[in-house]
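Here is a short report on one protein model. Follow along in the sequence and the 3D view as you read.

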Amino acid sequence: MKYTIAVPVYNDESTIKTCLDSIVNQTISKDKLEVICINDGSTDDSPAILEEYSAAYDFIKVMHQENSGSPSGPRNKAIEAATGDFIFFIDGDDYFGLEAFERIEEKILEYNPDIVVGKYEGVNRGVPTAIFNRNPDNFQFFGSNALYSIGAVKLFRLELLRKHNIRFPEHYSLGEDQSFMVKAYAYSSSIALVKDYPVYYATNHLTVGREQLTKQGIKGERYMHAMTDTLRVIRDLELPEEKKLMAYYQYIHRILHVELRAIITRTFLMEDKVYIFNTLKALLKEHNFLAFYNHFNNRQKLLLRLIEQGEMEDLVNFWYAESHPGNMEVFHGHIYPKPKKAYELAKAESLSFHRKNDMQAVVTRITKGHEGVVLEGYTYHSHVDAEGEKLFLKLHNREDERTTSIEMAKGPKDSESPVPIKSDILERQQVTTFHAVVPFSILHWLNTAGGIVDLNVLSRIEDYTITARVKGEVLEPQKVKGAPKDKRNSIVVTEPYNTKHGNLSFKLQVTKKPKPKQLTKQQRVKNKIKRMMQA
């Protein structure tokens with residue numbers, strides 16, 4: 001088995017030695033390696049360094065050409081020149097782990113895949129991890145999340161690339177990996193992963209004065225080349241229709257989560273953002289997104305409808321609404337974003353966001369009241385405007401499943417004593433303060449021997465309800481003792497405590513109220529005389 005390593009090189013004099021050293025020091029036998037270095041018109045000392053290594057190692061070949069402007073041309077040239085069974089594309093400023101090909105070969109012998117993806121290690125940059133976390137060691141492309149690892153720094157069976165004419169596009173230089181990877185993934189028999197060893201070190205050399213291409217200012221037309229090309233590659237796949245639709249779905253899924261986010265958050269000129277939005281609108285229509293529309297979740301469906309029927313401003317407004325609390329509202333039990341266009345489109349298809357909304361309930365003060373235990377705290381929702389909510393405290397005994405609920409009041413028990421709230425919560429959330437008095441009679445009813453009572457808060461907004469386990473942020477919760485009005489011979493002892501998960505629960509115990517000590521006749525006379533003298 002032989003491996004070709006393709007290394008496009010452009011002005012990499014400060015890094016190429018590290019890259020090549022990581023190859024020549026591989027633990028696998030060197031007669032299994034072929035290195036093709038393509039000098040892409042470098043103007044520094046890179047060509048001389050390449051020739052030096054080629055003279056020292058007979059498995060390293062060097063090819064020189066005029067600058068092409070991207071790695072695509074050099075990589076395609078390597079595909080044509082390669083004599084190995086597999087080819088791995090590495091950038092001249094990155095490097096391998098020393099056991100990389102030994103670990104890769106183990107996967108090939110075990111699974112016989114067409115593609116092997118090795119674990120990435122980022123140096124001064126982030127790297128994809130989802131593909132390793134969510135897939136087994138060997139898996140099929142269709143139905144996977146492989147497109148979240150869309151860079152070409154992987155191992156490919158050369159026969160796969162040549163049989164299906166899989167090449168890198170040379171007419172643009174941003175996102176050129178995308179169409180190549182989609183086609184390779186779609187035609188592959190399987191994809192194997194090396195999860196337990198850092199095969200590839202992806203670097204961002206901050207000290208060399210480089211700026212990553214993806215960080216530079218980009219025109220809208222240039223940004224859309226990759227998406228336009230990749231969607232047309234999917235359309236032209238010679239595969240059954242159901243597989244093409246799945247490839248469409250997986251790639252659009254990526255666009256909605258990665259590229260679309262960049263459109264909104266990156267510093268494009270407004271003209272470029274509008275161009276990108278309108279081009280994406282046209283592409284969705286051209287490729288009939290409705291054919292695979294039902295694969296998407298509600299959020300993705302709404303994004304697609306906003307692109308199809310809305311404007312750039314509508315998309316931005318929805319993006320803000322789903323990222324900030326209080327920007328969604330309840331209508332007939334469903335939750336819709338407040339911005340007008342998003343609301344209309346979501347309501348038309350009942351695209352509810354109720355599963356996205358999360359509620360937190362926190363108790364920060366526990367005291368004894370005249371009638372029972374007083375709880376004070378706050379709630380907040382991740383998305384919903386909860387201004388009109390009603391709150392209920394649900395108490396549940398673990399042992400005998402007794403459950404009861406009481407309505408809570410908004411605001412603190414005493415208007416002159418505000419509810420303590422962490423400052424970081426106030427900065428990020430829209431909170432509702434509350435207080436609830438849990439009568440001693442209810443605690444007495446809930447109690448069993450050694451009873452444990454868990455607390456939940458239920459929020460009702462119109463006909464939408466959501467429940468949250470109560471968190472405890474009481475600094476020093478004290479036992480609270482009190483007697484029910486109808487059982488004056490009993491005392492309820494309530495001991496608040498936080499579970500290992502930070503939830504608030506009560507340990508309950510009911511004890512008999514001790515009888516007053518009986519005085520002797522002599523003691524009663526003395527006490528009477530004492531009271532007369534004090535009068």
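## A residue on helix 2

A56 sits in helix 2. Helices (H or I, at least four residues) and strands (E, at least two) are DSSP runs, numbered from the N terminus. A56 is exposed, at a relative accessible area of 55%. Here buried means under 20% relative accessible area, exposed means over 50%, and partly exposed lies in between (1.4 Å probe, protein chains only). From C-alpha to C-alpha, A56 and V362 are 68 Å apart in space, and 306 residues apart in sequence.

This is a predicted model: local features need pLDDT of at least 70, side-chain atom pairs count only at pLDDT 80 or more, and totals for chains, interfaces and linings use all residues. Residues are numbered from 1 along each chain as its sequence is written, and side-chain values use heavy atoms, with hydrogens and water left out.

## The two sides of helix 2

Helix 2 covers residues 46–56, and its buried residues are S46, P47, I49, L50 and Y53. They lie on the same side of the helix, because they cover an arc of only 160° around the axis. That arc is taken from the directions from the helix axis to the C-beta atoms. What does the face turned away from the buried side carry? It carries the exposed residues A48, A55 and A56.

The buried residues of helix 2 have several packing partners. These are strand 1 (3–9), helix 1 (16–24), strand 2 (33–40) and strand 3 (60–65).

## Helix 13

Helix 13 spans residues 340–348. Its residues A342, Y343, L345 and A346 are buried. Their cover includes helix 11 (298–309), helix 12 (312–321), strand 10 (328–331) and strand 11 (334–337). Just after helix 13 comes S350, with a positive phi of about 55°.

## The nonpolar core

In soluble globular proteins, nonpolar side chains tend to be buried together. In this model, the largest nonpolar core has 154 residues. A nonpolar core is a set of buried Ala, Val, Leu, Ile, Met, Phe, Trp, Tyr and Cys residues joined through side-chain atoms within 4.5 Å. Which residues touch the most other members? They are V7, I87, F101, F180, Y223 and L393. Helix 9 (residues 241–265) gives the largest share of this core, twelve residues.

Take V7 as an example. Contact means heavy atoms within 4.5 Å. Leaving aside neighbours within four places in sequence, V7 is in contact with I16, C19, I23, V35, I36, C37, I38, I90 and G92.

## A buried serine

S72 lies in helix 3 (residues 72–81). Is S72 buried or exposed? S72 is buried, with a relative accessible area of 0%. Leaving aside neighbours within four places in sequence, S72 is in contact with F168, P169, E170 and E176. S72 and R167 are 95 residues apart along the chain, and their C-alpha atoms are separated by 8.2 Å.

## A nonpolar patch on the surface

V525, I529 and M533 form a nonpolar patch on the surface. Together they have about 320 Å² of accessible area, by the Shrake-Rupley method with a 1.4 Å probe, where only the protein chains shown count as cover for residues. Patches are made of residues with over 30% relative accessible area and no salt bridge; like charges are joined within 9 Å, and nonpolar side chains (Val, Leu, Ile, Met, Phe, Trp, Tyr) within 5 Å. I529 belongs to helix 16 (residues 521–534). I529 is partly exposed, at 44% relative accessible area.

## Salt bridges

Side chains of opposite charge can pair when their charged atoms come close. How many salt bridges does a search of the whole structure find? It finds 25. A salt bridge is a side-chain nitrogen of Lys or Arg within 4 Å of a carboxyl oxygen of Asp or Glu. One of them joins D272 and K219 (3.7 Å, N to O). This pair links distant parts of the chain, 53 residues apart: D272 is in helix 10 (residues 270–286), and K219 is in the loop between strand 9 (191–203) and helix 8 (220–235). D272 is buried at 7% relative accessibility, whereas K219 is exposed at 53%.

Another salt bridge joins R305 and E308 (2.9 Å, N to O). They are separated by about one helical turn, because they are three residues apart in helix 11. R305 is buried, at 14%, and E308 is partly exposed, at 30%. Elsewhere, R232, R235, D236 and E286 are linked in a network of salt bridges.
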